[in-house]
Amino acid sequence: MTQSLPKDFLWGGAVAAHQLEGGWQEGGKGISVADVMTAGGPNKARGITDGVVPGEYYPNHEAIDFYHHYKEDISLFKEMGFKCFRTSIAWTRIYPTGEETEPNESGLKFYDDLFDELIKHDIEPIVTLSHFELPYHLVTKYGGFRNRKLIDLFVKFATTCLQRYQGKVTYWMTFNEINNQANYDNDFSVFTNSGLHFEPGENREEGMYQAAHNELVASARVVKIGHNINPDLKMGCMIAMGPVYPATMAPDDVLAAQKAMEKNYFFADVHVNGFYPSFLTKYWARQGFEIDVTAQDEQDLHNGTVDYIGFSYYMSHAIQKNEGRSFDELTMQNSLVRNTYLEASDWGWQIDPKGLRYALNWFTDKYHLPLFIVENGFGAYDKVEPDGSIHDDYRIDYLREHIRQMKLAVTEDGVDLIGYTPWGCIDLVSAGTGEMDKRYGFIYVDKNNKNEGSLARSKKDSFEWFKTVIATNGEQL
Ligand code: BGP
């Protein structure tokens with residue numbers, strides 16, 4: 001077996017439209033769910049306002065103004081040697097409310113220009129169709145993805161994109177981190193994934209399963225359409241992977257970890273297998289959940305299974321079975337414990353490079369599909385020295401250790417891995433907190449949490465480091 005990564009390994013970086021483009025009203029763009037989210041902090045959740053409220057600060061409105069800076073930024077990506085660049089298409093640039101019958105040409109042209117610029121630099125665009133960017137209008141009018149109407153609206157948007165960009169984009173993903181909403185108690189997760197708002201007394205969990213089902217059907221239909229448009233397109237899903245370990249060797253903890261994995265990753269089962277696993281349908285029955293799954297839905301799920309699994313990996317978790325709770329009552333919110341073997345970031349995300357090797361093997365053993373690490377990275381405060389340099393050795397350490405484990409998974413375990421695109425290759429707005437000061441980039445952007453800064457770009461130490469990693473195909477870390 002080869003001891004190196006494949007020659008055509010896709011090294012690059014990842015972002016999402018709403019976290020860096022800005023230009024929230026440029027070119028006829030409509031308001032998205034990201035446009036009504038205020039800034040939070042390490043211990044403060046982001047607010048979700050009722051529409052865009054004058055006087056509130058919405059960090060995504062300007063973000064890092066990639067909309068006007070993308071040429072400069074792409075030339076920096078090229079300098080680092082990127083082979084690919086993962087971004088998303090903002091649904092609201094193409095269909096501003098989601099309900100128009102004709103797409104917005106200036107939005108389509110923006111992505112034509114962006115993809116052309118990438119291709120001119122030999123950088124392959126990798127595209128997510130829905131990355132926390134649902135048209136806000138579809139939330140107010142339909143209540144988000146809990147309404148089946150959104151299946152058709154998403155399919156319309158995705159079909160427009162697939163037809164238009166089929167010659168420029170090969171790798172597609174449907175819904176970013178579709179499984180975040182398994183965390184249904186969290187307002188942010190259900191709103192960003194599916195545009196869900198819950199009234200007191202509503203069954204949040206059942207509502208989440210219905211929305212997730214509608215998205216899984218929409219995704220499957222889009223996968224099928226992509227294959228029909230061009231059989232060479234690679235249609236993937238996107239899963240947030242944070243393995244759940246048992247906190248101890250007690251069989252109850254081992255089973256608790258397995259149950260938590262099931263509830264978090266059944267989304268991947270449906271994307272890959274085209275049907276629901278029995279542990280979930282049995283669980284729905286025990287809970288009395290009546291999820292609207294039609295015979296046509298079942299057919300669509302069956303016909304639209306994915307070609308590869310894209311996933312994010314930042315951390316692992318550990319779970320302990322509390323004697324007072326049944327397995328059905330265990331959730332990631334009520335039963336996670338700190339893993340005492342691991343350090344954590346300033347935002348409490350536990351650092352576990354070996355967990356990435358574990359995750360790569362777990363996906364492979366379960367699904368036997370090619371994998372793509374489309375997010376991984378270290379959110380940290382960076383310090384700009386008086387001479388403008390930024391010594392982000394903590395970020396280099398994090399990425400180096402994760403790449404080491406990734407390589408072992410490929411060279412020793414035989415995992416079929418397409419590529420690696422670290423998250424936030426250029427500083428951008430944090431999805432979870434709305435902060436600018438939670439930085440992931442190789443490229444620093446002069447803008448802070450208070451919305452101050454010139455937006456100037458500069459290189460961190462990690463820039464040169466990652467350039468060498470790519471140039472040596474991961475040999476020199
Ligand atoms: C994932 C999202 C990204 C991204 C990343 C880092 O959940 O797909 O959009 O932002 O995590 O999270 P955060 O921005 O909250 O640090």
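Here is a short chat about a predicted model, working from its barrel to its aromatic pairs.

Reader: Let's start with the barrel: how many strands does it have, and how do they pair?
Author: The strands run β1-β2-β3-β4-β5-β7-β10-β11 and close into a barrel. Neighbouring strands in this sheet are turned by 30° against each other on average, ignoring direction.

Reader: Which residue stands opposite Leu371?
Author: Strand β10 covers residues 371-375 and strand β11 covers residues 417-420, and the two pair in the parallel sense over two bridges. The residue in β11 that stands opposite Leu371 is Leu417.

Reader: Which strands does helix α13 touch as it packs on the sheet?
Author: Helix α13 takes in residues 353-367, and its direction makes about 155° with that of β7. The strands it touches are β5, β7, β10 and β11.

Reader: Why do the buried residues of α11 line one face of the helix?
Author: In helix α11, residues 295-303, the buried ones are Asp297, Asp300 and Leu301. On the other side of α11, Ala295 and His302 are exposed. Looking down the axis of α11, the buried residues line one face because they fall within an arc of 100°.

Reader: What covers those buried residues of α11?
Author: The cover includes two other helices, spanning 204-229 and 251-273. Their names are α8 and α9.

Reader: Which residues have the most contacts inside the largest nonpolar core?
Author: That core has 141 residues. Apart from it lies another core, of 10 residues, with Cys84 and Phe372 among them. Back in the largest core, the residues with the most contacts are Trp172, Phe311, Met406 and Phe466.

Reader: Is the pair of Tyr314 and Tyr440 stacked or edge-to-face?
Author: There are 42 aromatic pairs in the count. For Tyr314 and Tyr440, the ring centres are 6.1 Å apart and the planes sit at 70°. Planes over 60 degrees apart get one particular label, so this pair is edge-to-face.

Reader: How many residues apart in sequence are the parts that this pair ties together?
Author: Tyr314 is buried at a relative accessible area of 10%, and Tyr440 is buried too, at 8%. Tyr314 lies in the loop between β7 and β8, while Tyr440 lies in the loop between β11 and β12. The pair therefore ties together parts whose separation in sequence is 126 residues.

Reader: What about Phe442 and Phe466: stacked or edge-to-face?
Author: Phe442 lies in the loop between β11 and β12, and Phe466 lies in helix α15. Their rings are 4.5 Å centre to centre, with 10° between the planes. Planes under 30 degrees apart settle the label, so the pair is stacked.

Notes
Residues are numbered from 1 along each chain as its sequence is written. This is a predicted model: local features need pLDDT of at least 70, side-chain atom pairs count only at pLDDT 80 or more; totals for chains, interfaces and linings use all residues. Side-chain values use heavy atoms; hydrogens and water are left out. Buried means under 20% relative accessible area, exposed over 50%, partly exposed in between (1.4 Å probe, protein chains only). Helices (H or I, at least four residues) and strands (E, at least two) are DSSP runs, numbered from the N terminus. The arc is that of the directions from the helix axis to the C-beta atoms. Contact means heavy atoms within 4.5 Å. Two strands pair if DSSP finds at least two bridges between them. Axes are lines fitted to C-alpha atoms, for helices over the stretch in contact, and angles run from 0 to 180 degrees between N-to-C directions. A nonpolar core is a set of buried Ala, Val, Leu, Ile, Met, Phe, Trp, Tyr and Cys residues joined through side-chain atoms within 4.5 Å. Rings of Phe, Tyr and Trp (its six-membered ring) pair if their centres lie within 6.5 Å; planes under 30 degrees apart count as stacked, over 60 as edge-to-face and the rest as tilted.
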